[in-house]
Each structure stands twice: as C-alpha cells, then as structure tokens.
Amino acid sequence: MPAQPVTITIKYDVPVWSNYLIAMALLLAVPAISLIRRMMFEKSRWEKGGVAE
C-alpha cells in the first residue's frame, strides 16, 4: 500500500468573534436590565398614584 501525502496547516492569531459577541451581550445586559426595572417602577408609581379621578 503506497503512502498517502498529508498536509497540515496551522493558523494562529485568528480572531474568535464569539468571544467579542458574548462580551458585548454581557455589557449590554446591565443597561437593559436597568431600563426594564426603571420602566416597571414608573408603571407601578403611576398605578399607585393616589390621584382622585
């Protein structure tokens, strides 16, 4: 059986975009949660307003 040629290619310093996307999602999660909590607070405040109709 004759020998088969084998080619190996090594790449380095290749950017892994998933790491950047995960970091951006985590960084944007904090302001998004803050915005949602503020909107819920304002809604609750307006519902409990105590203004007689």
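## Basis

This is a predicted model, in which local features need pLDDT of at least 70 and side-chain atom pairs count only at pLDDT 80 or more, while totals for chains, interfaces and linings use all residues. Residues are numbered from 1 along each chain as its sequence is written, and side-chain values use heavy atoms, with hydrogens and water left out.

## Helix α1

Helix α1 covers 17-47. Helices are DSSP runs (H or I, at least four residues), numbered from the N terminus. α1 has 31 residues. Its C-alpha atoms, from first to last, span 44 Å, close to the 45 Å expected at 1.5 Å a residue. That expected span is 1.5 Å times one less than the number of residues.

α1 has a kink of about 30 degrees at A29. The number of buried residues in α1 is zero, so the helix lies largely in the open.

## Aromatic pair

One aromatic pair turns up in a search of the whole structure. The rings of W17 and Y20 have centres 5.4 Å apart and planes at 55 degrees, so the pair is tilted. Rings of Phe, Tyr and Trp (its six-membered ring) pair if their centres lie within 6.5 Å; planes under 30 degrees apart are stacked, over 60 edge-to-face, and the rest tilted.

Both W17 and Y20 sit in helix α1. They are three residues apart, about one turn of the helix. An α-helix has 3.6 residues a turn, so residues three or four places apart point the same way.

## Salt bridge

The structure holds one salt bridge. The term means a side-chain nitrogen of Lys or Arg within 4 Å of a carboxyl oxygen of Asp or Glu. Here the side chains of R45 and E42 meet, at 2.8 Å from N to O. Side chains of opposite charge can pair when their charged atoms come close.

R45 and E42 both lie in α1, three residues apart, about one turn of the helix. R45 is partly exposed, with a relative accessible area of 46%. E42 is also partly exposed, at 29%. W46, another residue of helix α1, is exposed at 68%.

## Segment before α1

V6 belongs to the segment before α1. V6 counts as exposed, at 68% relative accessibility. Together with I8 and I10, V6 forms a nonpolar patch on the surface, with about 390 Å² of accessible area. Patches take residues with over 30% relative accessible area and no salt bridge; like charges are joined within 9 Å, nonpolar side chains (Val, Leu, Ile, Met, Phe, Trp, Tyr) within 5 Å. Accessible areas come from the Shrake-Rupley method with a 1.4 Å probe; for residues, only the protein chains shown count as cover.

D13 has a positive phi of about 60 degrees, although it is not a glycine. D13 counts as exposed, at 72% relative accessibility.

## Distances from P5

P5 is placed in the segment before α1. P5 is exposed, at 76% relative accessibility. From P5 to V16 is eleven residues in sequence and 30 Å in space, C-alpha to C-alpha. W46 and P5 are 41 residues apart in sequence. Their C-alpha atoms are 75 Å apart in space.

Key. Helices (H or I, at least four residues) and strands (E, at least two) are DSSP runs, numbered from the N terminus. Buried means under 20% relative accessible area, exposed over 50%, partly exposed in between (1.4 Å probe, protein chains only). The bend at a residue is the angle between axes fitted to the seven residues ending there and the seven starting there.
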